[in-house]
Amino acid sequence: MSDELFFQFIAKKLITIKKMNLTLKVWRQKNVNDKGGFQTYQVSDISEDMSFLEMFDVLNEDLARKGEDPIHFDHDCREGICGMCSMYINGRPHGPKQKITTCQLHMRSFKDGDTITVEPWRAGAFPVIKDLVVDRSAFDRIIQAGGYVNVNTGGTPDANEIPIPKTVADEAMDAATCIGCGACVAACKNASAMLFVAAKVSQLALLPQGQVERKTRAENMVAQMDAEGFGACTNTGACSAECPKGISLTTIARLNREYFSAKASSENV
Amino acid sequence: MSWFNQTFSSTLGKKLIMSATGLFLILFLIGHVAGNLQIFFAEADNGRLFNEYALFMTTNPAVKVLSYLTYISILGHVFYSIALTQRNKKARPVGYSVENASANSAWTSRNMGVLGTFVLIFLVIHLKSFWYEMHWGGIPVQNYDGQEVKDLYVIVKAAFSQLWYVGLYVFCMILLAFHLSHGFQSAFQTLGLNHKKYTPLIKKVGMAFAIIVPLLFALMPIYVYIQSLG
């Protein structure tokens, strides 16, 4: 493509990009002890190709220019794999689309003139640290309680040295796609962490390396989940529907099986 | 805490009790609806078979055992639902200002507590009308071949000749249908029984059960009411 054609292409693209003006109602909270409340902001000239977080960057630059405190929000990789971004947008975790994180949500999912309400994840076990940032270390403590394999696995084994059926490997991999973002807790009416714990338990229970601690893992991770104050599972399916990785409710059934059979048969009295 | 207490004080254990008691109550509903189908044919012999059935249900020792299991299931189901609901409310002390829950879950699944409360209120009224009257009320007596049998059929006819009472039953059976439409399949999921071979069938059977059983129950007062008119 010649330079002239390229510039024409860009110019045309710039003309056709739709710019949006939006009203944002954002939860602002100074710290854990602050009561917090909503503040309304106007953002203008937002490109529909921007991600939701980039729209927040624009707003924050504006706030910084005015000498105001920018809105604090969690983010890291911005490509949907780290699990940091955590915005509850218009009544749904990660916004109106399915199987994506907030960073993968683009402004073309909204219309010019929309009012968008943005809240932090709400759960007693996820206290708000500041604005839209919540403390999700409850998840870390659940992992510390048993979400690991304690055997020395040595160097990389030869392919197919440990035979694992493809379907089982796929199931384990599907569970392992959990990024621990907490959308399941945010979506659940009981703020239950069942889908998260179920994914972590499933991923290891399905593979040979996870067998050694299989029973104690299920027992300890559930005990920690309860100790953190998460709610119980009502099988509404909201967690799975809002999970950016689409983790299935079958993992929750597996967690129930793993837990009950572990409780009935483990050596831990 | 012993492993046994640990299990049943965990959220999963409490849900296991909800599931087990719920499934038992589903079995109870099958027996209850099947037996009471006799109401549709009771007028022919002026309720004799129905009354003899009622006598059997209140005196047979095996039925007695089942009835105590049913009472325990109802109390357990109610007690643990209260315990779980309290915990679940505490798990989210600050709620959302905007919620779009209908985008990710069914209304019935989110309102089992509300539906269950109405079913419980209905149960109290229902038990007062028939169960209490049958056991301790002053019921007229029929003499069948020298045997004195309480005439429950007269009580049933009197109760269902009131339009508001029939309306209450129909309304409550609709709520029961919603409660069952989630509860049936949810009970299996809680037991850990989710399999691509069987879960679609469980869901279909559950939906059919949730429609057919409350519908049959609702037809009984309607039938008796229409009968009372003419």
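A crossing of two helices is called left-handed if the near helix is turned anticlockwise from the far one by less than a right angle, and right-handed if clockwise. Keep that handy for chain B below. Everything here comes from a predicted model, where local features need pLDDT of at least 70, side-chain atom pairs count only at pLDDT 80 or more, and totals for chains, interfaces and linings use all residues. Residues are numbered from 1 along each chain as its sequence is written, and chains are lettered from A in the order in which they are written.

Let's start with chain B. Its helix 2 (residues 11-36) and helix 9 (residues 199-229) pack at about 35 degrees, with axes 10 Å apart. Axes are lines fitted to C-alpha atoms over the stretch in contact, and angles run from 0 to 180 degrees between N-to-C directions; helices are DSSP runs (H or I, at least four residues), and strands are too (E, at least two), numbered from the N terminus. The crossing of helix 2 and helix 9 of chain B is left-handed. Helix 2 brings Leu29(B), Val33(B) and Asn36(B), while helix 9 brings Val213(B), Leu216(B), Phe217(B) and Met220(B). Contact here means C-beta atoms, placed from the backbone, within 7 Å.

Now for chain A, which splits into domain 1 (3-129) and domain 2 (136-265), with bounds from an automatic or database domain assignment. Their C-alpha centres sit 30 Å apart, and 18 residues of domain 1 touch 17 of domain 2.

Finally, the two chains meet through 40 residues from chain A and 36 residues from chain B. On the chain A side, helix 9 gives the most, with nine residues.
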